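Reader: I want to learn how to read a single helix in its setting. Where do we begin?

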Amino acid sequence: NQAIVAGIATITTDEAISDELITNSNSGIVVNAFDKKSLLRAIEYTVQNPSKIIEWKNNAKQYAHKISNEAVVSYFEDIIEYSSSNEKGNRPICPW
């Protein structure tokens with residue numbers, strides 16, 4: 001959320017809460033959290049393609065208005081409840 005609002009391109013993992021946000025906003029790359037090579041490839045791709053950073057930053061800036069404080073708070077509360085629950089059901093659905 002903070003990266004989107006600040007207009008920052010992001011590399012994150014699929015275990016991060018923000019992975020859906022980065023995917024939906026097309027403002028970076030989401031990699032497998034347990035695959036070091038995937039992270040390395042993402043970093044190499046980003047370094048070799050600086051125009052993608054500009055594209056991702058612009059996408060983040062354009063997407064930022066879709067994220068309200070209320071939606072973020074509600075979603076994070078749902079994620080915290082999901083993460084702390086002993087019963088793992090379906091992960092909360094990203095509201096944006």
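Author: Begin with the surface. This is a predicted model. The accessible surface of the protein chain is about 6400 Å², and carbon and sulfur atoms account for 52% of that. Of its 96 residues, 31% count as buried.

Reader: What pattern does the protein chain follow along the sequence?

Author: The order is α-β-α-β-α-α-α. That makes 5 helices and 2 strands.

Reader: Take α3. How many residues does α3 have, and how far does it reach?

Author: Compare the end-to-end reach with the expected span. Helix α3 covers residues 36-48, which is 13 residues. From first C-alpha to last it reaches 18 Å, close to the 18 Å expected at 1.5 Å a residue.

Reader: Which residues of α3 are buried?

Author: Buried means under 20% relative accessible area. In α3 the buried residues are S38, A42 and T46. They span an arc of only 70 degrees around the axis, so they sit on the same side of α3. K36, K37, V47 and Q48 are exposed on the other side.

Reader: What covers the buried residues of α3?

Author: The cover includes β1 (10-13), β2 (28-31) and α4 (50-63).

Reader: What caps the N-terminal end of α3?

Author: Look for a side-chain oxygen by a backbone nitrogen. Here D35 is the cap: its side-chain oxygen lies 3.1 Å from the backbone nitrogen of K37.

Reader: And which residue is found in the loop between α3 and α4?

Author: N49 is found there. Its relative accessibility is 25%, so N49 counts as partly exposed.

Note on methods
Residues are numbered from 1 along each chain as its sequence is written. This is a predicted model: local features need pLDDT of at least 70, side-chain atom pairs count only at pLDDT 80 or more; totals for chains, interfaces and linings use all residues. Side-chain values use heavy atoms; hydrogens and water are left out. Helices (H or I, at least four residues) and strands (E, at least two) are DSSP runs, numbered from the N terminus. The expected span of a helix is 1.5 Å times one less than its number of residues. Buried means under 20% relative accessible area, exposed over 50%, partly exposed in between (1.4 Å probe, protein chains only). The arc is that of the directions from the helix axis to the C-beta atoms. Contact means heavy atoms within 4.5 Å. A polar contact is a pair of N or O atoms within 3.5 Å; within protein, one must be able to donate a hydrogen and the other to accept it, and residues adjacent in sequence count only if both atoms are side-chain atoms. Accessible areas come from the Shrake-Rupley method with a 1.4 Å probe; for residues, only the protein chains shown count as cover.
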